[in-house]
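Dear colleague,

Here is the structure that I promised to hand over to you. Please open it first and keep it beside you while you read the notes that follow.

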Amino acid sequence: MDSTATDRFDTSRFEASRNRLASLAYRLLGSAADAQDAVQDAFLHWQAADRQQIKVPEAWLTKVVTNLCLDRLRSAQARRERTAGAWFPELLLDGDPMLGPADTFEQRESVSLAMLTVMERLSPVERAVYILREAFSYGHAEIAEILDITESASQQHLHRARTRITATRRRGGREADPASARRIVEEFLTAATSGRTERLVALLTDDVIALSDGAGLAEKLLRYDTPQRVAAVMRGGFKSTPAKRRLAGGAPALHYAVVNGAPAILFVLGDQVLGAVTFEVTEDKVAAVRGIAAPVRLVRLTEAWRQHEPDTALIAQW
């Protein structure tokens with residue numbers, strides 16, 4: 001095989017792993033843009049390597065991407081951004097290959113906005129061990145090789161990660177099935193846009209929380225709790241006004257969607273997603289609401305939406 005044919009063959013081997021590597025990087029970084037950069041950097045490492053000496057390309061690439069992501073998580077810039085109180089994961093539309101494996105509860109949970117946020121409290125190595133074990137089913141011997149640690153250390157990091165995640169995981173009713181989740185979110189939207197505060201309160205759990213990036217303008221995330229406070233904020237947020245339409249550049253349509261595995265309402269003008277409100281829904285109530293409108297967090301979501309065939313809008317002109 002000549003060098004050109006070899007390069008094509010080796011490139012195809014990398015491309016066969018690209019989606020898996022991107023889904024790993026996204027879970028580690030919470031940013032689709034950073035995940036894509038990490039995978040592209042891994043490709044450059046792959047091109048520069050003596051590939052004939054790489055016995056198991058999948059393992060080699062997993063190690064490279066994981067460590068590139070850890071370098072990013074440990075960087076001073078990342079620490080500043082993530083401790084400034086304004087960090088939110090970048091959103092992914094249902095069906096995005098970057099969401100990766102979704103066969104088990106742990107795999108699905110690992111890309112939820114709640115879990116991506118909780119994992120910010122883990123050290124970079126704890127986060128890597130947890131994701132490699134729970135989302136990609138690597139054994140401790142394999143994780144030890146990827147991270148250049150001992151098997152015992154891998155087990156300890158996993159135990160600490162699980163302990164911290166369990167301590168912060170929200171408790172409450174069982175997760176709603178997709179049909180129930182949609183029904184509850186549509187009821188929520190009807191109550192919020194009609195100003196029916198009492199009905200909104202009734203749809204919220206007692207320990208509900210709401211987080212917002214303040215239409216993408218707040219320096220820190222805005223946090224609200226208590227059903228009454230959350231209901232008041234949601235009623236005001238979903239109320240359409242001429243000023244909001246001027247700021248949006250028109251009257252957006254409101255669509256139901258699934259984002260990072262959770263029900264969501266998207267504000268869409270033309271082919272541009274202007275904002276998203278995501279929900280954690282138990283079997284009969286809303287346990288958490290997150291409002292995201294910063295354009296940087298909506299880039300990949302908008303790209304996916306443009307290739308998407310949406311259902312009829314819940315509200316055609318907001």
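A residue is called buried when its relative accessible area is under 20%, exposed when that area is over 50%, and partly exposed in between, with a 1.4 Å probe and protein chains only. This is a predicted model, in which local features need pLDDT of at least 70 and side-chain atom pairs count only at pLDDT 80 or more, while totals for chains, interfaces and linings use all residues. Residues are numbered from 1 along each chain as its sequence is written, and side-chain values use heavy atoms, with hydrogens and water left out.

Let me begin with the aromatic rings. Rings of Phe, Tyr and Trp (for Trp, its six-membered ring) pair if their centres lie within 6.5 Å, and the pair is stacked if the planes are under 30 degrees apart, edge-to-face if over 60, and tilted otherwise. The structure holds six such pairs. One of them is the tilted pair of Phe 14 and Phe 43, at 4.9 Å centre to centre and with 55 degrees between the planes. Phe 14 belongs to helix 1 (residues 3-29) and Phe 43 to helix 2 (residues 32-48), so this pair ties together parts that are 29 residues apart in sequence; helices (H or I, at least four residues) and strands (E, at least two) are DSSP runs, numbered from the N terminus. Phe 14 is buried, with a relative accessible area of 0%, and Phe 43 also counts as buried, at 11%.

Phe 267 and Trp 318 form an edge-to-face pair, with 5.1 Å from centre to centre and 85 degrees between the planes. This pair links distant parts of the chain, 51 residues apart, with Phe 267 in strand 4 (residues 262-269) and Trp 318 in the segment after helix 14 (299-306). Both Phe 267 and Trp 318 are buried, and together with Phe 188, Phe 238 and Phe 279 they form one aromatic cluster.

Next comes the sheet. Strands of a sheet pair through backbone hydrogen bonds, either parallel or antiparallel. Here six strands form an open sheet with mixed pairing, in the order 2-1-6-5-4-3, where two strands are said to pair if DSSP finds at least two bridges between them. Strand 2 (222-225) and strand 3 (253-259) are the edge strands, each pairing on one side only. Strand 1 (residues 204-212) runs parallel to its partner strand 6 (residues 286-292) over five bridges, and Ser 212 has Gly 291 in strand 6 as its bridge partner.
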